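Colleague: Could you take me through the contacts between the chains and the domains here, one question at a time?

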Amino acid sequence: MGKLTFSMGGVHPHDSKFSRACAIEELPLPQTVYVSMAQHLGAPAKPLVAPGDKVVVGQVIAEPGGFISAFVHSPVSGTVKAVAPRKDLAGNPVMHVEIAVEGDEWDPAIDRSQDLVTAIPDDKAAILDKIKAAGVVGLGGATFPTHVKLSPPPGKVAECLILNGAECEPFLTSDFRIMVERPKEIVVGAAIMQKVLGGCPCVIGIEENKPEAIASMSAAVAELGYPGIQVQVLKKRYPQGGEKQLIDAVMHRQVKSGGLPIDVGAVVQNVATSLAVYEAVQKNKPLITNVLTITGDQIPVSQQHNYLFRIGIPLSYIVEHAGGIPDSAAKLISGGPMMGKAISNLDATTVKGSSSVLYLSEAATRRQPETNCIRCGKCADACPMGLEPFLLNRLYKVGDLDALEQNAAQDCIECGCCLYSCPAHIPLLDQIRQAKGQVMGVIRARAAAAKAAAEAAKAAAEAK
Amino acid sequence: MDKKYIVSPNPHIHANVSTTSIMRDVIIALCPAILVSVLAYGWAELLVLAVSVLSCVLLEWAVTRWMMKRPSTVGDLSAVVTGLLLAMNLPSAIPLWIVFIGAFVAICVAKLPFGGIGQNVFNPAITGRVFLLVSFPAQMTNWNPTPGFVALPDAISGATPLSALKEALKSGSTIPQFMEANGYDLASFLWDAGASAGEISAGALLLGFVYLLIRRVVKPWIPVAVLGTMAIISAIFSGINPEVYTGVQFNLLTGGAMLGALFMATDYVTSPMSTLGGVIYGIGIGVIAMMIRYFGSYPEGMSFAILLMNCTVPLLNMWFHQKKYGRA
């Protein structure tokens, strides 16, 4: 097979992977960590510890707050100081467990050796329980609980497990580094997930601008010899790593609007998630570490890093450890430059899904003033969902929710391609995000009303 | 964090394209054709170009600043493009005050009253040109070549190939007779067809258009539809009667076919957004232009064809949309 890519839209920003040669370094522990209870999609976790409790590394400190939720474990050993709200990246208050670090004592159940464990357990239910108990969530950005994604609803069969090693966001290199440094663990993780999904084939998609990762992952696949796993080279194109785009690229299938990947037989997991699954199932290690990139457009490579960090370490500590905020930085971003979030609060803590601290200079990131739309259609050409951002923008301005729904505003994946490519610098995504929220509200209200009506009809029928 | 940092939603980077950079690319793409016309028609052509561009820019600046009380949009270079395209549609011997009137109609009638760049329904340069054509028919069809910097082998005084042919056909001669009487050689038309700046050299226009394609400023569908339609229609008609109907090569290389298809019909603002809409729009232009050339009283119909199809753009945008992901 040649290089694959998705069928519509997309943009080609410079990949700016300046930190690609920086090997993963382990970040030292600070004096205090703050573990967020909302590190995953879905309901926040419920804290199980109280101030004064002693904890060890890997101990459960919070349980899932709902079906779509996840366990949270202590990343350090020490004493719980407080269970209180604290501001997150954007400044919103979120419940955190504050732990004063004392030594580094690990739960004895965790296998801390470097030995590769390649034997896959037989019991699917036990594997899923381990993944759930380890608090594994998707590390590709959405942080959706992994055990839920690996349990297809009845009647749905996984036909292909896609491992996402695209890392299509410019600047980020954390996935690249783990693919280069820990390819075997990732492949074992993939084999475990294959097992859970009933033995479907697995395709590891990696973009062509990461030849070292393609080589190391291919070598690991060949060496370990699990059946049905292959590395697939993808063209370099953003947003290749978007779930729907990756399914389109690898399987040539498109997920229906409002549908789930499993509807077309796809399960997509990030390579970092695969590593977390490996550690959870083979090493009993819960998800308490991840790799994060410190990078930027105007900082020397010597100040760029890929850190293995414990979850709960404040960003400010990491930034200080890496040498402070460079003078050229005008904007600090958690995540990539296309979909990452601007950091308004550097005291915020790292979470399971943290992937970077990115410094962008004024020249790279300052938005230009908006001018008239010249109807060039570049936004529509760039949209990977085939939407017409110029049209959605106009419809939102006149408040026509029906037309917005007809023109599929709710399908927007917020990848930013429209605003990235607009020569008139119109804040298309800002507007469409609002429109999408309102349209989703309408759709949900309609579904709720339909459900209520159906129940009322049923009740009336039973009353007769 | 003592220093203030920017906080705004994603994306945090931009492709570094702007309206200005796009217009600059269009200007660069027009340069080969402008060069050929200046070489062919000399100082007079340069003056027409200069007056047209300066009038468009000054009028846009004056109207936006003084009448509309808005920030000037001159910096986006769209007025320069309008000025160049207008000048390229005019004979080099035209009085300069008529050029100014054309610029006035383009900027102050076709463009700014609709809201400026991006809002106009009709292509400003073509509107200006058509206004001049119906208002000053004598001056607009005075094709006496002004002295150029290089000699022109094919130039016939007083008429473009298209208008000369129309006269010849009216007087009862056939196309082969006409070609021979004027010593026309179809192959040489590619570089030198003896007409206004924008019509003289199809080759130079194509060269510029390739630049636009490489820079991804435009997509080829609209020009392909326009020129393809013109080629098919002229192939059919000239196949039926080559004595009365001109052939494919003649139609594609003369008149405003190239300038219209490559640079006027592809104007972002006045062409449809979707690919299918663009193709239909292009076919419409090709059909109307050929019908005017064959059956109309005007020798050339490109401008009228584009203006007429401009009217259909809102409808085409309403009917034809992009193919969406996951929606059959």
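Colleague: How much area do chain B and chain A bury between them?

Modeller: This is a predicted model, in which local features need pLDDT of at least 70 and side-chain atom pairs count only at pLDDT 80 or more, while totals for chains, interfaces and linings use all residues. Residues are numbered from 1 along each chain as its sequence is written, chains are lettered from A and ligands numbered from 1 in the order in which they are written, and side-chain values use heavy atoms, with hydrogens and water left out. Buried area is the accessible area (1.4 Å probe) that two parts lose on being put together, summed over both. With 53% of it on carbon and sulfur atoms, the area that chain B and chain A bury is about 4,400 Å².

Colleague: Which three residues supply 20% of the area that chain B buries against chain A?

Modeller: Contact (heavy atoms within 4.5 Å) links 37 residues of chain B with 69 residues of chain A. Within the area that chain B buries there, the three residues that supply more than any other three are Ile6(B), His12(B) and Tyr325(B).

Colleague: Which residue of chain B forms a salt bridge with Asp381(A)?

Modeller: A salt bridge is a side-chain nitrogen of Lys or Arg within 4 Å of a carboxyl oxygen of Asp or Glu, and the rule finds three of them across the interface of chain B and chain A. In the one formed by Asp381(A), the closest N and O atoms are 2.7 Å apart, and the partner is Lys219(B).

Colleague: Within chain B, how far apart are the centres of domain 1 and domain 2?

Modeller: The bounds, which come from an automatic or database domain assignment, are 19-140 for domain 1 of chain B and 161-318 for domain 2 of chain B. Between these two domains about 2,600 Å² is buried, 72% of it given by carbon and sulfur atoms. Taken over C-alpha atoms, their centres are separated by 21 Å.
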